Structure formats: structure tokens, C-alpha cells
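This report is for a reader who is meeting the structure for the first time. Please look over the sequence and the model before reading on.

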Amino acid sequence: MTKAESRQVRPWQERVEAGHRPVQEEWKSLVHASQTLRSWVPGIVPGLFQTADYARCIFESLAELRNTARDTDDAVRARMERQEWLHLPGKELHELIWEGALCARLGSPEVMAVQLDRILAALDLDSVHLGVVPFDAVLRLPVGNAFTIVDDRLVVIEDWYAEHWLDAPDAVALHRRVWETHAASAVYGSEAKRIVTRLRRALDG
């Protein structure tokens with residue numbers, strides 16, 4: 001397979017003309033067929049950790065930006081169903097989040113408080129290995145775009161214009177190195193929990 005054949009660029013405007021639900025259903029199928037996921041998410045709370053209210057804020061803002069069909073309830077339902085993967089035996093999520101994603105007020109203080117509580121609960125799942133890259137961490141690379149590596153065979157990169165699905169081995173290997181570089185700047189376990197707890201308490205004023 002050539003590099004050209006292994007690259008799919010999927011513009012968001014084309015993908016969500018009929019709403020966000022079909023995209024979420026496709027992601028649900030991709031995730032449920034996978035064994036191991038590695039993600040770097042610098043801008044928002046990752047989908048596998050999102051509460052329904054937080055996800056609703058995301059979908060509504062994106063539908064307004066792209067002027068596409070509003071199917072928020074269906075999209076949220078599909079995203080919540082994707083999270084069942086976290087409770088299946090033998091699954092592993094290696095998630096990296098930049099602290100800025102946890103601070104960004106993409107919902108009301110009440111929505112954000114419940115969202116951070118959800119992340120704290122996810123830290124106790126056997127399937128979840130969460131690293132938080134603090135604001136004061138020494139970064140070895142620029143923050144860059146969000147991406148997910150699926151079973152070390154596919155990388156999905158997200159930007160404002162499109163999703164890029166790449167299965168060329170060199171593309172997957174490069175993003176694995178990016179992920180490992182960011183992982184070296186992250187904190188884990190009790191240190192990660194302390195960051196999330198501090199941000200959660202700040203919402204109580």
C-alpha cells in the first residue's frame with residue numbers, strides 16, 4: 001500500500017452535513033473493535049471521559065460553527081455508548097491530557113464540576129492510564145493537534161478542517177514517538193489526581 005493510498009482526509013463540513021451522530025457512530029465502531037488506544041488531547045476533555053452535558057456543549061458549538069444539522073441528543077447518546085468500551089475486559093486506554101483542556105470553561109461551572117468529577121472517577125478504572133501534562137511541565141515538542149492511535153495500526157488526527165486517517169506505518173510510528181515525547185512531560189497517579197482535584201475545587205469558589 002502506498003502512502004497516498006493509506007491516507008484519508010475527511011473534511012468535517014462533508015462529514016457532518018447530516019449531523020454529528022453518524023460520525024459518532026463510526027467512532028463508536030472503531031473504538032469497540034480496538035484493544036488499545038493512545039490519545040493526546042490538548043484542547044478539550046477526551047470523548048471517552050465526557051459527561052453528557054459537556055458533550056452537548058461541544059456538539060452545539062460545533063454545529064453552530066459549521067452551520068450543520070442539529071442532532072445533539074443523538075450524537076451525545078452515541079458518544080456515551082462509546083464509553084462502554086472502558087468497562088470491557090482486556091481494553092487499555094493510554095490518555096494524555098494537557099492541563100489547559102481541564103481548565104477550559106466549555107460549559108457552565110456546574111457542567112465543568114461534574115465533568116472533572118467524572119475524570120476523577122475514571123482514574124480508578126483498571127482500563128485507564130491517564131497522564132496530565134501540567135502547565136509548568138517542560139515540553140519537548142509543541143503542543144500540536146489532537147490525535148488517537150488505534151492498536152498501533154491507525155492514527156486519526158483532528159484539526160478544524162478535517163479528520164486525517166493514516167495507516168501508513170511511518171505515520172503511525174511518528175505519532176507514537178510524539179505521544180511518547182508528550183508522555184515524558186506528564187504526571188500520573190496521585191500527581192495527576194491532585195491537578196484534577198485542585199481544578200475541581202477552584203470551581204467551588
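For helix packing, axes are lines fitted to C-alpha atoms over the stretch in contact, and the angles between their N-to-C directions run from 0 to 180 degrees. The structure discussed here is a predicted model.

**Helix packing**

Helix H6 covers residues 109-122 and helix H8 covers residues 189-202; their axes come within 9 Å and cross at roughly 160°. Angles over 145 degrees count as roughly antiparallel, and H6 and H8 are therefore roughly antiparallel to each other. The crossing in which H6 passes H8 is left-handed. On the H6 side, the contact is made by Ala113, Leu116, Asp117, Ile119 and Leu120. On the H8 side, Lys193, Val196, Thr197, Leu199 and Arg200 take part.

A second pair is formed by helix H2 (residues 21-32) and helix H4 (residues 72-82), which pack at an angle of about 5° with their axes 8 Å apart. Angles under 35 degrees count as roughly parallel, so H2 and H4 are roughly parallel to each other. H2 contributes Arg21, Gln24, Glu25, Trp27, Lys28, Val31 and His32 to the contact. From H4 come Asp74, Ala75, Ala78, Arg79, Glu81 and Arg82.

Where is Asp71 placed? Asp71 is in the loop between helix H3 (52-66) and H4. With a relative accessibility of 14%, Asp71 counts as buried, because buried means under 20%. Asp71 and Gly19 are 52 residues apart along the chain, and 5.5 Å separates their C-alpha atoms.

Arg77 is placed in helix H4 itself. Its relative accessibility is 45%, and Arg77 counts as partly exposed. Between the C-alpha atoms of Arg77 and Gln115 the separation is 16 Å, for two residues that are 38 apart along the chain.

**Aromatic rings**

How many aromatic pairs does the structure hold? There are 2 aromatic pairs. One of them joins Trp98 and Phe135, whose ring centres are 5.4 Å apart. The planes of these two rings stand at 85°, so the pair is edge-to-face. Trp98 belongs to strand S3 (residues 92-98), while Phe135 is in the loop between strand S4 (128-133) and strand S5 (146-150). The pair therefore ties together parts that are 37 residues apart in sequence.

**Two residues with positive phi**

The loop between S5 and strand S6 (154-158) contains Asp151, and Asp152 is also in the loop between S5 and S6. Asp151 has a positive phi, although the residue is not a glycine. The phi of Asp152 is likewise positive in a residue other than glycine. The table gives their backbone angles and accessibilities.

| Residue | Phi | Relative accessibility | Class |
|---|---|---|---|
| Asp151 | near 50° | 28% | partly exposed |
| Asp152 | about 55° | 40% | partly exposed |

Technical notes. Residues numbered from 1 in each chain as written. Predicted model: local features only at pLDDT ≥ 70, side-chain atom pairs only at ≥ 80, totals over all residues. Heavy atoms only, no water. Phe/Tyr/Trp six-rings, centres within 6.5 Å; stacked < 30°, edge-to-face > 60°. Helix = DSSP H or I, 4+ residues; strand = E, 2+ residues; numbered from the N terminus. Buried < 20%, exposed > 50% of the residue type's maximum accessible area, 1.4 Å probe, protein only. Parallel < 35°, antiparallel > 145°, perpendicular 65-115°, else oblique. Left-handed = near helix turned anticlockwise from the far one by under 90°. Contact = heavy atoms within 4.5 Å.
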